[in-house]
Amino acid sequence: MCIKNKIIVLAVLMLLCISGWSQNTDITGQVIDRNGNPVTGALVSVVNNPLIKAATDKEGMFEISASANDELQIQTSDNGAKIISLTTNEPITIRMDFASEAVDLGFGIQQTVAESTSAISRSTKEQVNKRSSFSISNSLFGNALGLTSLQNSGSVWDNDPSFYIRGLQTLSNNGILVLVDGLERDIKYIVPEEVESVSVLRDAAAVALYGYKGVNGVLSITTTRGKYMSKEINVSYDHAFNWQARLPKFADSYTYANALNEALSNDGKSARYSQNELNAFKSGQYPDLYPNVDWVDEVFRENGSSNTYNVNFRGGGMKVRYYTMFNLQGNKGFIKDSEVNSGYSTQMKFSKANIRTNLDIDLTSTTVAQVNLMGVLNEYKRPGLGSDNLMDKLYTTPAAAFPIKTSDGIWGGNETWGENMNPVALTQARGYSKGHTRSLYADMKLTQKLDFITEGLSSSVRLGYDNIAAYWEGHTKTYAYASDAVSLWNDNGEPVETTRYSAGTESGLEFEDKLDWQDRHTNFIATIDYQTELGQNKLHSSLIYSYDHRVRNSQNNTFYRQNIAAYTHYVHNNRYVADLTLMASGSNKLAPGSKWAFSPTVSAAWILSNEDFMKNVAFIDFLKLRASWGIINTDNIPSENYWAQSFDGGGGYSLGGNYDWYDGTMEGRLASTNSTSEKAIKYNLGLDAAFLKGFVFTADVYYERRKDIWVSAGGANSAVLGISSPYTNAGIVDSRGIETGLNYNKQWDDFKLALGGKFTLAKNEIKEMLEQPLPHDYLRRTGNSVSQVFGLQATGFFIDQADINNSPAQQFSEVKPGDIKYKDQNDDGIINEYDFVTMGHNTYVPEVYYSFDIAAEWKGWGISASFQGVENYNVILGTTSVNIPLINNSNISNEYYNNRWTPETASTAKYPRLTTESNDNNFEMNSVWLADASFLKLRNCEFYYNLSASMLSKLKMKSAKIYVRGVDLFSLDKIDLSDPESVGAAYPMTRSVNIGFAIGF
């Protein structure tokens, strides 16, 4: 080709290029969330040329080079996504609505609400960080649809809640899988400040990728990550004024002494306390001899306190995004007079430091690395030893037992109550113990696009390693104790002679330490993904391999699991969506030959709001129907090595003469043969909707059949077998329920309003458990719910001996007037084990769980409140000295004493007569001790002020908030003695008022 022709060709090519460039222009716009707030750090890219991209600034504004025919994809820092078509070069506003919010299936599979076929609910960091909790686990009461979270009492470092999804679904393990950033981790170490979102995965389509461990549902915590082209520094501080609610109220010494004498009289025994002694208790004249000690008041002070300091850095550029957080927590408990010892404190204390770094690094335009690191150091401190059971001693030791100290300064104690029964001495004279936990959570993921093989192909590898170790150290000592007893009174009722009892020895602090426990956890995940679009069809397929290796100290605590999954997601015309998951799972917990199981899942969705016939329905913003079906296997087992014959110790024998005695061996439970794995067949129908530019509604109905549950075959075998029957896969449980949530968010100029409610109903029925034959159908647990309470139906209390003689014979123990009278269910004239019937519900998980929220803000001033309640739930009261008084020298509560049976209170009494003897009749499970545990709690309320934009500008801040917050301020319930979520000899629930601030730069 001649030079002239070359020049002409080059010129034409340049003109074509210039023509192509001239079609692009700078498109400007703003990205806002569905409440109208600007979205910062979102990535905006051109769909057909992802290398053209921009990021939103602090006002949500962006500028990108694109043409009027292009499509823009918006991806927010919380993985929300939306694609819009450009039709003009004019500035645009892009609202990240409900349909564009993120749905995280795990293993790198990110979807939007619009295209998800799964039952997955999601709560944001703003919704869960309202309780000033030390852990995200205690921030989830009522704010995650489908999650039943029940509060537990305990020391501040050991009060983890109980989690359930869709209630009780099996006769075996009902625990759920808890994830942090896609890996199984303990969320007690995760603080609310580092959380971006909380997701609850409920149906088969949602949990299919998690193999054996996801069968009961998944709680997934996603931590905060960096943003594109932004820089943020956030500082917050929270101080709490804490107090204990519903402390137990026990009888004073005079009341206790009268109660004990009454109990002994009822037992036909002589009184323990004479009239002189009763007078001494009543007058209080001789506190060393006849004390009146309010042990609860002497051990606990009125208030405790806690502090939380947090600073985080978030931002990044187009190549690197980062999030780094430092969090420090401290708590001082309620022990009174904890500083009386020189050189150390016996206060209950807790401190924790969290450090987190999350990095996203674009190594090249096709290679992305993700690094997550978290370190946790915590320390707790308590008086004496945990085995001292301080709370149990507070519930057991009566006010009349002994003084705190004798007149000559020795700790009080006597022979009746024995060693380490003085609650005050346990907090001041037993030294202290400490626990340390050191945790490292680390994982790294590398994702590589493989477009050079075929466009849309990519692969990833992820490796995670967690190591948690808990160390314990004791700095304890013993103490001497004594008490004086009157041996002689004069005629005026005054003590003239005493004798002393003394025991125990005084020692200095003795040190010991040990490794308490350790948990090492390794995860490996490899994926191959393929995404493509052909016209109106979108396809996303994944091959996933995951390996989970966990080692805990002690025996039989090493677990291996593997999963191999094939997942396909298909969308046609933005209207019809279908998902298919094929999962093979293996576990070393299961018997040889049955370690692997196959779990298929299919699901579909129909986006009605994209149909032409819905275009003119103006009030519908988004509408989608969902359905799913799947079989999910699990590796629940009845016991270790259940597939092998077990052997137990038998009788011994001797060969005679000088031969040693030899222990015998006998057969134990028979081996389980031809076993399989427990499996759930899950069905789900769901609806997601947004309407009237402010309402969001979601609803699901589900049915599950859990089968092949491990149960004992003893009910199906004759006792002639003469040996323990094996376990077999024969149990069946059906579950069904509904889950629904409705939220409303709207803003009018300076006024914002947010309303919300959630409701779940979870019911179940045992269909088969190989129950042994019983003479009456009402005795059978089959046909009832899992953990249904069975008990004797009380009809009142025996009035006198004639009433006893004329009533059916109660065979549990001898009965007397004032004992509980039961209904003869089968009219055989006898009250025995054949008169137990169903009553109430269960004592583990409420069938109904609900919550509602309200929030309003005007010109920066705001108020919010969250309520959470349960129904169809029971607790058993008769487990401590509060309800089983005086037996074995235990205490008695005012509640019991004031409502006990006496001949004068026979028509109004709530509780049976007083006795010092073990009384099987009164303390068989019965309706007297079964209480309705339904409640409605104000979980948190807050009054706050957000500084105005003009003030922030002057202070060079991005945000600033100050607040006063109340946590668990009241509970409406039917339990008089304690909080319905904490019944028994446990630390009382705490309530708090918090003040704090949060500043952003």
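## Inside the largest cavity

Strand E28 gives the largest share of the lining of the largest cavity, with three residues. Keep in mind as you look around that this is a predicted model. The largest cavity has a volume of about 180 Å³, and its lining is made of 16 residues. Nearest to its centre you'll find Phe107, Lys213, Asn523, Ser546 and Asp548.

Which elements give two or more residues to this lining? They are strand E13 (177-180), strand E14 (183-184), strand E27 (510-534), strand E28 (537-552) and strand E29 (558-572). Sort the lining of the largest cavity by class, and you get eight nonpolar, four polar and four charged residues.

## The second largest cavity

How do you spot empty space like this? Rolling a probe the size of a water molecule over the atoms shows where empty space is left. In this model, the count comes to nine cavities of 30 Å³ or more.

The second largest cavity has a volume of about 120 Å³. It is lined by 15 residues, and Asp78, Asn79, Arg122, Ser197 and Thr222 are the closest to its centre. At least two lining residues come from each of strand E8 (102-106), strand E15 (195-201) and strand E16 (218-223). As for the classes, the lining of the second largest cavity has two nonpolar, eight polar and five charged residues.

## Two helices side by side

Now for some helix packing. Two packed helices are described by the angle between their axes and the distance between the axes. Take helix H4 (residues 253-266) and helix H5 (residues 275-283): their axes come within 8 Å and cross at roughly 155 degrees. Angles over 145 degrees count as roughly antiparallel, so H4 and H5 are roughly antiparallel to each other.

Which residues meet where H4 touches H5? On the H4 side they are Ser253, Tyr254, Ala257, Asn258 and Asn261, and on the H5 side Leu278, Phe281 and Lys282. By class, this contact of H4 with H5 has four nonpolar, three polar and one charged residues.

## A three-stranded open sheet

Next, find the open sheet formed by three strands in the order E22-E25-E26, where the pairing is mixed. The edge strands are E22 (411-412) and E26 (495-503), and each of them pairs on one side only.

Strand E22 pairs with strand E25 (residues 481-489) in the parallel sense, over two bridges. To see where they line up, look for Gly412, which stands opposite Ala482 in E25.

Strand E50 (residues 959-967) runs antiparallel to strand E49 (residues 935-946), and seven bridges join them.

## Two leucines with a positive phi

Finally, look at a pair of backbone angles. Leu770 has a positive phi of about 50 degrees, although it is not a glycine. Where is Leu770? It sits in the loop between strand E38 (751-768) and strand E39 (790-792).

Leu886 isn't a glycine either, and it has a positive phi of about 70 degrees. You'll find Leu886 in the loop between strand E47 (874-876) and helix H10 (894-898).

Definitions and conventions. Residues numbered from 1 in each chain as written. Predicted model: local features only at pLDDT ≥ 70, side-chain atom pairs only at ≥ 80, totals over all residues. Heavy atoms only, no water. Pairing = 2+ DSSP bridges. Helix = DSSP H or I, 4+ residues; strand = E, 2+ residues; numbered from the N terminus. Axes fitted to C-alpha atoms, helices over the stretch in contact; angles between N-to-C directions. Parallel < 35°, antiparallel > 145°, perpendicular 65-115°, else oblique. Contact = heavy atoms within 4.5 Å. Nonpolar A, V, L, I, M, F, W, Y, C, P; charged D, E, K, R; others polar. 1 Å grid on protein atoms, 1.4 Å probe; cavity = no way out; pocket = protein on both sides within 12 Å on 5 of 7 lines; lining within 4 Å. Points joined across faces, edges and corners; volume = space filled by probe spheres on them.
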